Amino acid sequence: MLPINGIQLLYQSSIRFVQPKSEPCRTGDDSPRLSSAQPSERLKQHGSQPTMSKKKKTRVEFRRNRAKPPRENDITRQFATDAERTEDAHSTERVRAKGELSRHRTVTVGDGDGTGRAVNPDVCQPGRVLRVHGLNSYVEVADGRVFRCVVRRLLKTLATDERSVVTTGDRVWIQPDQVIPNPAEPTGVIERVEPRHGVLTRASRRREHVLVANVDQVVIVMALVEPELKQHLIDRYIATALKGELQPIVCLNKADLADAAEYQPLIGAYAQLGIPAFLTSARTGIGIERLRRLLRDRATVFSGQSGVGKSSLLNAVQPELGLRVREVSDTTQKGQHTTTTAELIRLESGGWVVDTPGVRQLQLWGTRPEEVEGYFVEFHPFVPLCGFPDCTHTHENCCAIRAAVSRRQISERRYHSYLGLFHGVAEG
Ligand code: GDP
Ligand code: ZN
């Protein structure tokens, strides 16, 4: 399973208690109403901000790359077989051949969750993996140059089933090669991968593969008409986004074809949950400036059924962008480039759009039924008040959620979405 810290956090706020049998149901009439700030605050706590992980600097013994080990027990080889040992290696490693190896260096150390422990900031620089193609990862650094990088062999030994060493979207440290024959294509080596948040995954052969890391948000595109708006689908996409620790944003597109006023209550309902929702039209330009602002400096994936206008919206944000996204996914669907994974595409106005063939229709993969309530933020204040600690909110008496629905404190529409998801997930 992938780390789902965010979800665990949601559960922390849902500590429940069992009601004594003799007492009548207390289903939360006096319970607090959900403030609109809550969900986004919670997302912030999940670390969905596009910041590098916390690091501290430390002095370590520095051994020069590729220096031949004078000792018989080759520590580099031990690393290859025993990843654990890398953790203490820097503190136990001793001075080697005189003059070459005994220098001290200040290095940046991550919070222990990343891959590859220490880097030397004198020779390394931070970057972002735009795409991975075979053994090459294309890493963009601060000055906009893109380096074709291989992965330091040591890091590869730290890969696990759930964690490929380097994936699109990773924040990494690279050491640029000293000799670069072709300045148009600088090359380097990935030395460290920072801890990930907001991962998009794909199930394949009963395993979950990380397609993109460090995605900040999902723009859920729905058309008001053509195809007809399916409100429960919005809730499904929102739940999926929250499961992945991504901020959902709802675009109700093709606003030029419908009566906008009719949708204000729906938009208001999402705003109350801390989820930006607004009308857009790729045709007339309604909402495009707002969308562009929301995309700035963040990594965003566009999701939604085919035909709702994802490509058209991307083109409205930046001409040719939708076209490019479509080309990539088309070739992938035909299986021509099986090694092509997701790609980050730089926006001229700042930020990245993530092209993720295959995950347009996000699925709540690997979700347990009891997790579903966690993705319905407005349920949270009421969940502790349910009569049974394992209340499923589907049929139980003394269910505070059902009581809140009948008091119209929770929307009936959202509750039905919950039921649909709960049963869908339960059936597998
Ligand atoms: P995608 O499959 O989600 O990428 O959808 P497309 O961007 O290919 O759009 C599907 C169809 O809807 C195309 O014929 C577009 O011209 C049309 N379309 C997209 N956005 C709008 C819009 O805002 N208004 C109108 N009237 N049509 C739109
Ligand atoms: Zn309940």
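Reader: How many residues does helix H6 have, and how far does it reach from its first C-alpha to its last?

Author: This is a predicted model, in which local features need pLDDT of at least 70 and side-chain atom pairs count only at pLDDT 80 or more, while totals for chains, interfaces and linings use all residues. Residues are numbered from 1 along each chain as its sequence is written, with chains lettered from A and ligands numbered from 1 in the order in which they are written. Helices (H or I, at least four residues) and strands (E, at least two) are DSSP runs, numbered from the N terminus. The expected span of a helix is 1.5 Å times one less than its number of residues. Helix H6 (residues 231–243) has 13 residues and reaches 19 Å, close to the 18 Å expected. After H6 comes Glu245, with a positive phi near 60°.

Reader: How many of the residues of H6 are buried?

Author: A residue is called buried if 20 or more other C-beta atoms, placed from the backbone, lie within 10 Å of its own, exposed if 12 or fewer, and partly exposed in between. In H6 ten of the 13 residues are buried, so this helix is largely enclosed by the rest of the structure. Among them are Ile234, Tyr237, Leu242 and the charged residues Asp235, Arg236 and Lys243. Over the chain, buried residues make up 38% of the 428 residues.

Reader: In what order do the strands of the open sheet lie?

Author: Two strands pair if DSSP finds at least two bridges between them. The open sheet has six strands in the order S13-S12-S11-S14-S16-S15, with mixed pairing. Strands S13 (277–279) and S15 (343–346) stand at the edges with a single partner strand each, so one side of each is left without a neighbour in the sheet. From one strand to the next the twist averages 30°, taken between lines fitted to C-alpha atoms, with angles from 0 to 180 degrees between N-to-C directions. Strands S11 (residues 217–223) and S12 (residues 247–253) run parallel and are joined by seven bridges; Val219 has Ile249 in S12 as its bridge partner.

Reader: Which strands form the closed barrel?

Author: The closed barrel has five strands, S4-S5-S6-S8-S7, with mixed pairing. Its neighbouring strands are turned by 55° against each other on average, direction ignored. Six bridges link S4 (residues 125–133) and S5 (residues 136–141), which run antiparallel, and Val139 in S5 is the bridge partner of Val129.

Reader: Which residues are closest to ligand 1?

Author: A residue counts as near a molecule if its C-beta atom, placed from the backbone, lies within 6 Å of it. Of the 15 residues around ligand 1, the closest are Ala282, Gly309, Lys310, Ser311 and Ser312. Helix H9 (residues 310–317) gives the most to this shell, with three residues. Six of the eight residues of H9 are buried, so H9 is largely enclosed by the rest of the structure; Lys310 and Ser311 are among those six.

Reader: Where is Arg196 found, and is Arg196 buried or exposed?

Author: Arg196 is in the loop between strand S8 (187–193) and strand S9 (200–204). With 24 C-beta neighbours inside 10 Å, Arg196 counts as buried. Two residues are in contact if their C-beta atoms, placed from the backbone, lie within 7 Å. Leaving aside neighbours within four places in sequence, Arg196 is in contact with Asp170, Ala213 and Asn214.
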